[in-house]
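Colleague: Thanks for sitting down with me. Could you bring up the model, so that we can go through the labels together?

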Amino acid sequence: MKATDKQVAGQHYTELGLQPLEVTFANFGYEGLRASIYTKVNKYLTRNKGNHVQDLEKAIHCLQIQLEYAREEEI
């Protein structure tokens, strides 16, 4: 299963048909995706909002998405 086919905590992105990061890649390419993921991972690692384990899972999921795109782009 591709990382973009799943979502940590909820289904609101997977129900839309496209993950927001897929749209970011389509509009801004790999460098835009990379910048967006950097921001998201930092957010998840530094926030103190309830479930820290879930935030770690979300950060890992973002990095899995980046890894998929990096492999496709052969970065």
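Colleague: Leaving aside its neighbours within four places in sequence, which residues is methionine 1 in contact with?

Modeller: Lys6 and Glu68, where contact means heavy atoms within 4.5 Å. Bear in mind that this is a predicted model: local features need pLDDT of at least 70, side-chain atom pairs count only at pLDDT 80 or more, and totals for chains, interfaces and linings use all residues. Residues are numbered from 1 along each chain as its sequence is written, and side-chain values use heavy atoms, with hydrogens and water left out.

Colleague: Why does methionine 1 count as exposed?

Modeller: Exposed means over 50% relative accessible area, buried under 20%, and partly exposed in between (1.4 Å probe, protein chains only). Methionine 1 has 83% relative accessibility, so the residue counts as exposed. You will find methionine 1 in the segment before helix H1 (20–46).

Colleague: And why does tyrosine 69 count as buried?

Modeller: Because its relative accessibility is 10%, and the limit for buried is under 20%.

Colleague: What makes the pair of phenylalanine 25 and tyrosine 69 tilted?

Modeller: Rings of Phe, Tyr and Trp (its six-membered ring) pair if their centres lie within 6.5 Å; planes under 30 degrees apart count as stacked, over 60 as edge-to-face and the rest as tilted. The structure holds 1 aromatic pair. Its ring centres are 4.4 Å apart and its planes are at 40°, so the pair is tilted. Phenylalanine 25 sits in helix H1 and tyrosine 69 in helix H2, 44 residues apart.

Colleague: Which elements give two or more residues to the largest nonpolar core?

Modeller: That core has 12 residues, including Leu21, Ile37, Cys62 and Tyr69. A nonpolar core is a set of buried Ala, Val, Leu, Ile, Met, Phe, Trp, Tyr and Cys residues joined through side-chain atoms within 4.5 Å. The elements you ask about are H1 and helix H2 (52–73), and H1 gives the most, with 6 residues. Helices (H or I, at least four residues) and strands (E, at least two) are DSSP runs, numbered from the N terminus.
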